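Take a look at the chain below.

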Amino acid sequence: MVRIGQALQRIEQIYHQLNEECFTYVGTILQEEADVDQRLLDELAELLGFLNSTDLYDQHLLWEMIKLLDYGNPIYQLATCKMLTLEGLEDKMDVLAEEKQIVEETLAKVYYDQRRHLLQKSCNHLKQLERQLRALLYAKYPIH
């Protein structure tokens with residue numbers, strides 16, 4: 001069983017990792033560098049749910065963060081956006097090398113366009129998540 005202190009410590013570690021890999025880039029010229037790990041989001045949502053069940057912290061704040069991490073929201077969609085490749089499928093496909101290159105270039109273009117769209121769509125959500133995590137972690141007293 002996880003203790004509240006352990007949960008808060010892990011949430012802080014996740015916050016620092018998200019800050020390093022994502023939050024610092026959001027809304028800057030380097031926004032394309034932002035990266036969100038789906039496993040971190042899943043773990044963070046689970047830990048926030050645990051804190052919510054303790055009734056010691058502002059349940060509205062916790063619920064808002066949990067909703068931001070929901071699989072239907074832009075942050076989660078960004079985290080699950082992966083580039084498709086033809087690696088490992090060559091023996092199942094009957095294409096020439098130049099056709100393969102065209103297909104791979106098209107897949108890459110679609111991925112980058114989708115990622116750019118999801119970054120724009122999730123920008124405000126990521127900023128909100130960062131502010132709320134900071135409020136949760138660095139408030140002097142538990143938030144009721």
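## Serine 122 and its contacts

Serine 122 is in contact with Pro74, Ile75 and Leu78, leaving aside its neighbours within four places in sequence. Contact means heavy atoms within 4.5 Å. Serine 122 sits in helix H5. Its relative accessible area is 0%, so serine 122 is buried. Buried means under 20% relative accessible area, exposed means over 50%, and partly exposed lies in between (1.4 Å probe, protein chains only).

How many residues apart in sequence are serine 122 and asparagine 73? They are 49 residues apart in sequence, yet 8.1 Å apart in space, C-alpha to C-alpha.

## About the model

This is a predicted model: local features need pLDDT of at least 70, side-chain atom pairs count only at pLDDT 80 or more, and totals for chains, interfaces and linings use all residues. Residues are numbered from 1 along each chain as its sequence is written, and side-chain values use heavy atoms, with hydrogens and water left out.

## The whole chain

The protein chain has five helices and zero strands. Read along the sequence, its pattern is α-α-α-α-α. Helices (H or I, at least four residues) and strands (E, at least two) are DSSP runs, numbered from the N terminus.

The protein chain has 144 residues, and 34% of them count as buried. Take the contacts in the chain with a separation of 6 or more: residues 24 or more positions apart account for 76% of these. The chain exposes about 9,300 Å². Carbon and sulfur atoms supply 51% of that area. Accessible areas come from the Shrake-Rupley method with a 1.4 Å probe; for residues, only the protein chains shown count as cover.

## Helices H1 and H2

Helix H1 covers residues 4-23, and helix H2 covers residues 38-54. They pack at an angle of about 145°, with their axes 10 Å apart. Axes are lines fitted to C-alpha atoms, for helices over the stretch in contact, and angles run from 0 to 180 degrees between N-to-C directions.

Which residues make the contact? From H1 come Ile4, Ala7, Leu8, Arg10, Ile11, Ile14, Gln17 and Leu18. From H2 come Leu40, Glu43, Leu44, Leu47, Leu48, Phe50, Leu51 and Thr54. The residues of this contact divide into 12 nonpolar, two polar and two charged. Here Ala, Val, Leu, Ile, Met, Phe, Trp, Tyr, Cys and Pro count as nonpolar, Asp, Glu, Lys and Arg as charged, and the others, Gly among them, as polar.

## Aromatic pairs

The structure holds three aromatic pairs. Rings of Phe, Tyr and Trp (its six-membered ring) pair if their centres lie within 6.5 Å; planes under 30 degrees apart count as stacked, over 60 as edge-to-face and the rest as tilted. The ring centres of tyrosine 15 and phenylalanine 23 are 6.1 Å apart, with planes at 45°, so this pair is tilted. Both tyrosine 15 and phenylalanine 23 are buried. Tyr15, Phe23 and Tyr138 form one aromatic cluster.

In another pair, the rings of tyrosine 111 and tyrosine 112 have centres 5.0 Å apart and planes at 65°, so the pair is edge-to-face. Are these tyrosines buried or partly exposed? Tyrosine 111 counts as buried, at 16% relative accessibility. Tyrosine 112 has a relative accessible area of 40% and is partly exposed.

Glutamate 130 is found in helix H5, which covers residues 97-138. At 16% relative accessibility, glutamate 130 counts as buried. Glutamate 130 touches Tyr15, Asn19 and Phe23, not counting residues up to four places away in sequence.

Asparagine 52 lies in helix H2. Its relative accessible area is 18%, so asparagine 52 is buried. Asparagine 52 touches Gln59, Leu62 and Trp63, again not counting residues up to four places away in sequence. Aspartate 55 lies in the loop between H2 and helix H3 (59-68). Aspartate 55 counts as exposed, at 52% relative accessibility. Aspartate 55 is not a glycine, yet has a positive phi of about 60°.
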